[in-house]
Amino acid sequence: MQNKSVLGRAISLSLLVMASPSVFAADTSVGTAASGAGAIDLDRVEVRPQLESQTRAVDLKRSSDAIEDAVSSDAMGVYPDKNVAESLQRLPGVSVTRDQGEGRFVVIRGLDANLNSVSVDGIAIGTPEDSSRAAPLDVIPSDSTERLRVVKSPTPDMPGDAIGGAILVESASAFDRDGRSLRGKIEASHQQLSGETSPKAAFNYSEVFADTFGVAVGVNYQKRSFESDNTEVEYGTFEGGADDDLFANSLQRRKYEIERKRIGANLNLDWHPDEDNRYYLRTLYSQFDDAETRQRTIFDFGDEGITALGGNQYRVDDLAADSIQKRMRYRTKKENTFAASVGGENRLSGAVVDYKVGYTRTEERVNDEMEARFEYAGDDLSATVDQNSRVPRIALSDAGWMDNGSYDFDRMVLSPKRVDDKEHSAQVNLRFDGDNASYKFGLLGRWRDRDVDTNERELRVGPDIALSDWTTGTPEHRGGTLGQGMSSDAMRRYWAQFGGQYSARPQDAGGNALASLEEDYTAREDIFASYAMGTWDIGALRIIGGVRVENTQFSATGNSVDVASNGRTYTVTPLTVSRSYTNVLPGLHLRYDAGDAWVLRAAANKTVSRPSFGDIAPRIGLSRGDEEVRIGNPQLDPYESKNIDLSIEKYIGTTGILSLGLFHKAIDGYIVNTVSTTDPAYPDFKVTRVINGNKATVKGAEFNWQQQLAFLPAGWDGLLVGASGTWLDTDFDPGLAGRERDDFMLPRASKHVYTAHIGYEKAGFSTRVAAVYRSEYLDTLGDSAAYDIYVAPNTQLDFSLDYKITANVSVYLEAQNLLDKPLELYQGTRSRTLQMEEYGRTYALGLKVAL
């Protein structure tokens with residue numbers, strides 16, 4: 001309760017200041033009558049983090065030849081948000097998908113994060129995801145970066161794998177700051193749901209020696225302990241029910257307890273021996289550790305013995321005891337990213353040459369994932385299910401299911417996983433400058449290796465486990481009780497002592513082989529690119545035109561796993577594939593400085609995105625007993641997109657902008673997952689494979705306004721306001737049999753994304769309230785519209801307050817998710833909630849020092 005009262009007083013103070021800016025209207029220097037030897041001269045105490053960050057971002061956009069937006073740190077290296085992904089969501093056309101309430105993947109203009117490229121200091125980084133190309137941005141601490149750019153229409157000298165956009169993460173150079181810079185920060189954050197308080201600290205140092213050699217180094221650490229309450233539901237038809245009467249035939253309550261650690265470090269060296277020569281080294285390391293305990297109770301009502309009572313209420317008779325299950329899972333996931341590049345720029349007689357070699361490594365290790373499963377062993381039950389609330393309410397005829405002593409051991413599931421992604425790169429660019437024109441040529445080579453190894457297996461043979469020995473207090477859960485709690489510490493201690501006594505049943509041998517080998521693959525991808533680009537200035541008009549050619553050479557090995565009907569025997573056959581393809585990517589960009597701070601831009605270009613590694617890896621998983629087969633498709637073609645962009649920008653002083661953009665994308669070969677029961681190679685089998693579908697189109701508009709209201713009377717002139725909006729119209733034909741007449745929005749594409757903020761800065765005080773709204777979007781396609789899965793609309797509201805005590809010391813208070821909004825998914829219609837995950841609010845209090 002103490003944190004809430006502090007937050008309440010802080011918000012009240014900030015709102016009071018916003019309502020009465022005249023508090024700061026007077027001269028901020030201390031009056032002579034009150035001055036003394038120890039008095040602070042408030043004329044020198046200025047804090048303008050929002051304005052400084054906004055000014056730098058506006059400068060980046062205004063000077064760019066490409067169509068892009070940016071987020072920049074302020075003079076103290078601080079962002080308006082904690083997380084790199086969440087900082088980017090403030091930009092027009094950008095949204096995020098979240099993991100446990102934290103922004104993880106960035107969505108640009110409604111397109112899947114899989115279609116973005118991400119680079120750190122100009123070199124591409126990989127992903128720890130086992131099948132996707134999407135790079136998670138929550139693994140990079142924001143304190144390790146200086147600026148973030150989102151290029152929405154790349155010029156020919158930029159890599160072409162950016163149908164969604166190119167996300168450029170840039171770390172700090174000592175030459176970004178004046179003289180020596182020392183910055184430190186400590187913070188404590190408190191999550192409402194867990195009641196836990198967690199630490200964070202960061203330190204950054206930079207200095208330029210003899211005006212030629214610069215050093216910038218930074219380290220940061222964050223440990224966050226938090227919880228989330230999750231309820232998941234599956235809906236389907238039931239025996240005797242109408243086709244459109246879907247019943248919640250499965251309901252799960254999940255409790256997550258999570259401890260996340262982030263460690264980041266960067267070392268950047270710059271040498272500028274003279275005006276014509278520059279050399280640099282860039283390094284960035286980030287480590288992301290996620291220790292997660294998940295308790296869940298599962299109620300599997302099935303589709304028989306169900307009676308519709310009317311009014312969205314149902315009765316379930318003769319519910320088998322083992323339809324209720326309890327499961328305890330624990331795992332630690334460790335991800336790390338390392339990026340290093342060394343390069344330089346030399347101005348020669350009549351030419352400028354720059355060059356760079358780079359290395360990135362991304363790893364994921366899940367060495368200890370285990371889940372213990374138990375089944376209720378009491379008497380059969382009956383139940384009532386009420387589907388009138390957002391999450392169905394259930395009542396069981398006997399409360400014995402809540403007692404851990406009423407459960408029998410079922411199995412242990414072990415799921416270790418390893419992902420390695422490494423890339424070497426080298427590039428060189430040569431530019432010739434004339435009076436009103438320049439010509440640029442370049443070469444790029446990228447050599448990438450991936451290795452994915454999963455080893456899931458189920459062990460059912462071994463001593464019985466008494467779940468009552470692992471019992472803890474009943475966990476709190478917003479969606480209803482899980483019954484008695486389970487201790488993951490007790491589970492791990494037991495397994496360390498007795499795990500060697502467990503083995504698989506003979507009939508599980510094939511299933512274990514399928515789970516362990518089907519998704520394993522190694523892959524190598526070599527990309528060779530060249531481009532030629534010209535830039536011509538004709539008065540106020542700049543024309544940039546050129547062409548980029550990218551050749552991709554891909555090879556991979558995987559497995560074909562064929563499991564016999566009895567599950568006891570199986571065969572494994574290695575699969576190998578290789579292919580090569582070339583993409584020609586022309587581009588034309590126009591920029592016109594219309595005077596009076598107006599800038600007009602237009603671009604027409606072609607971009608490409610390569611298929612996900614998990615989709616093109618050669619693999620076949622054949623289960624004859626289940627009559628199911630899953631097939632990879634190494635012959636997938638890359639996505640290709642023809643893009644048109646138009647924008648008009650009005651710059652308001654040095655800190656503000658008003659812009660409107662229109663864009664259109666026509667994407668050929670959009671990759672979709674298909675399910676078929678008519679495949680001639682597998683008669684009567686359910687066949688799942690990915691294919692190049694038909695064309696997808698994206699049309700949209702972006703609006704952005706940011707401004708300091710400096711024209712207002714004294715006191716009010718510290719107000720900063722901003723708003724942005726993105727409107728999308730997407731059309732997508734997945735080519736699903738039986739759904740030819742259905743209309744589909746592009747998966748993960750929200751029709752509307754809005755952001756707004758209002759801030760106030762004066763003297764030593766800065767405060768900000770910011771909101772982000774994302775409308776619903778399609779997540780997964782089902783067999784019919786009733787089984788399509790959507791993510792519900794969401795609004796994120798955050799608050800920050802910063803007060804500068806002295807010229808070098810400030811305190812700050814932040815609050816996230818003030819509206820306490822959950823992550824909600826639904827099936828078919830909003831009334832059928834599929835998943836509800838709640839996180840509560842998070843508050844942070846910190847101290848910053850800058851010397």
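Residues are numbered from 1 along each chain as its sequence is written. Because the model is predicted, local features need pLDDT of at least 70 and side-chain atom pairs count only at pLDDT 80 or more, while totals for chains, interfaces and linings use all residues, and side-chain values use heavy atoms, without hydrogens and water.

**Exercise 1.** Find the order of the strands in the open sheet of five strands, and name its edge strands.

Solution. Strands are DSSP runs of E with at least two residues, numbered from the N terminus, and two of them pair if DSSP finds at least two bridges between them. With these rules the order is 1-6-7-4-5, with mixed pairing. The edge strands, each pairing on one side only, are strand 1 (67-72) and strand 5 (123-124). Within the sheet, strand 6 (residues 147-153) and strand 7 (residues 165-170) are antiparallel over five bridges, and arginine 149 has leucine 168 in strand 7 as its bridge partner.

**Exercise 2.** Describe the open sheet of four strands in the same way.

Solution. Its order is 13-14-18-19, and the pairing is antiparallel. Strand 13 (306-310) and strand 19 (393-396) form the edges.

**Exercise 3.** Which residues touch the most other members of the largest nonpolar core?

Solution. Such a core is a set of buried (under 20% relative accessible area, 1.4 Å probe, protein chains only) Ala, Val, Leu, Ile, Met, Phe, Trp, Tyr and Cys residues joined through side-chain atoms within 4.5 Å. Among its 42 residues, the answer is Phe301 and Trp470. Another core, of 28 residues, lies apart from it and includes Ile163 and Leu746.

Note on methods:
Buried means under 20% relative accessible area, exposed over 50%, partly exposed in between (1.4 Å probe, protein chains only).
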